[in-house]
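Me: I have a structure open and would like to go through it slowly. Could you help me read it?

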Amino acid sequence: MSIGILGGTGPAGKAVAARLASLERDVFIGSRQKERAAEVAGALKERWPSRLPGLFGVANEEACAAEIVIVATPWNGAAPTAAAHADRLAGKVVISMANALEKVGEELQALVVPRGSIAVAIQQAAPEALVAGALHHVPARGLANIDDPLDADVLVCSDHGQAMAATIELVDSIPGLRGVAAGSLSAASAIEAFTAVLVGINIAHRSHTSIRLTGLETG
Ligand SMILES: NC(=O)c1ccc[n+]([C@@H]2O[C@H](COP(=O)([O-])OP(=O)(O)OC[C@H]3O[C@@H](n4cnc5c(N)ncnc54)[C@H](OP(=O)(O)O)[C@@H]3O)[C@@H](O)[C@H]2O)c1
């Protein structure tokens, strides 16, 4: 299964790309500038020689050709990016990992965005895409070091059974992560906003924590 990442040149997109490519998947880091994506993919391949054979840097429109597309732009670029590529995203599983956060003093605070969440805004911008929200709480730093073990639950929400199943399968394919069905796309507002709490904890405790749910049977 191939993965394309819109805005894949930032810390979050790069981290997901490296992790998935290390699992022998074809991963297409997308950018508004193809050369930038090629540079970023080249740098990752240099850092992990022979570990990321299926990693490529491409323009965002080419990244949309992958079977699953992840949106990893900043929150305010996510819906416009989805809208710009809506035709290419039609019928595809599109995973939003974007969080609307703003720095206020020393902390990052959750913003109240139109339509309640970035995931819903993406769904409205690309109405024929099968949008899911996931990976909001996994710090890029841990994901990026492909030798670092991961240990987290990933809350997945979607209005589409196919997107829910494909996203959970993708998350579960990453050792140490467990995808958990967390409801319809309306849950994205709470999931995205909770990221502000986690970031605050990480700042206060100088940690890179994510979440692990208790009392939930595996699978
Ligand atoms: N960092 C984390 O630990 C983490 C963890 C989980 C989720 N997230 C979420 O993942 C998303 C990406 O985070 P990040 O830190 O990687 O972000 P970022 O570095 O600020 O942006 C990622 C990429 O998006 C593209 N971009 C920037 N502004 C854009 C715009 N207005 N329209 C379209 N594309 C734009 C840029 O790529 P090009 O210039 O190459 O196009 C940029 O390299 C955020 O929404 C964040 O909340 C982050």
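This is a predicted model: local features need pLDDT of at least 70, side-chain atom pairs count only at pLDDT 80 or more; totals for chains, interfaces and linings use all residues.

Me: OK, what is the order of the strands in the open sheet?
Reply: The open sheet has 8 strands in the order β3-β2-β1-β4-β5-β8-β9-β10, and the pairing is mixed. Strands here are DSSP runs of E with at least two residues, helices are runs of H or I with at least four residues, and both are numbered from the N terminus; two strands pair if DSSP finds at least two bridges between them.

Me: Which strands stand at the edges?
Reply: β3 (55-59) and β10 (177-181) do, and each has a single partner strand, so one side of each is left without a neighbour in the sheet. From one strand to the next, the twist averages 25°.

Me: And how does β9 pair with β10?
Reply: Strand β9 (residues 152-158) pairs with β10 in the parallel sense over 5 bridges, and Val 156 stands opposite Ala 181 in β10.

Me: Switching to helices, at what angle do the axes of α4 and α6 cross?
Reply: The axes of helix α4 (residues 75-84) and helix α6 (residues 118-125) cross at roughly 20° and come within 7 Å. That makes α4 roughly parallel to α6, a label for angles under 35 degrees, whereas over 145 counts as roughly antiparallel, 65 to 115 as roughly perpendicular and the rest as oblique. Axes are lines fitted to C-alpha atoms, for helices over the stretch in contact, and angles run from 0 to 180 degrees between N-to-C directions.

Me: Which residues meet there?
Reply: From α4, Trp 75, Ala 78, Ala 79, Ala 82 and Ala 83 meet Ile 118, Ala 121, Ile 122 and Ala 125 in α6, where contact needs C-beta atoms, placed from the backbone, within 7 Å. The residues of this contact divide into 9 nonpolar, no polar and no charged; Ala, Val, Leu, Ile, Met, Phe, Trp, Tyr, Cys and Pro count as nonpolar, Asp, Glu, Lys and Arg as charged, and the others, Gly among them, as polar.

Me: Last topic, which residues come nearest to the ligand?
Reply: Gly 7, Gly 10, Ser 31, Gly 77 and Ala 98 come nearest, of the 25 residues around the ligand, with a residue counted as near if its C-beta atom, placed from the backbone, lies within 6 Å. The largest share of this shell, 4 residues, comes from α4.

Key: Residues are numbered from 1 along each chain as its sequence is written. Two residues are in contact if their C-beta atoms, placed from the backbone, lie within 7 Å.
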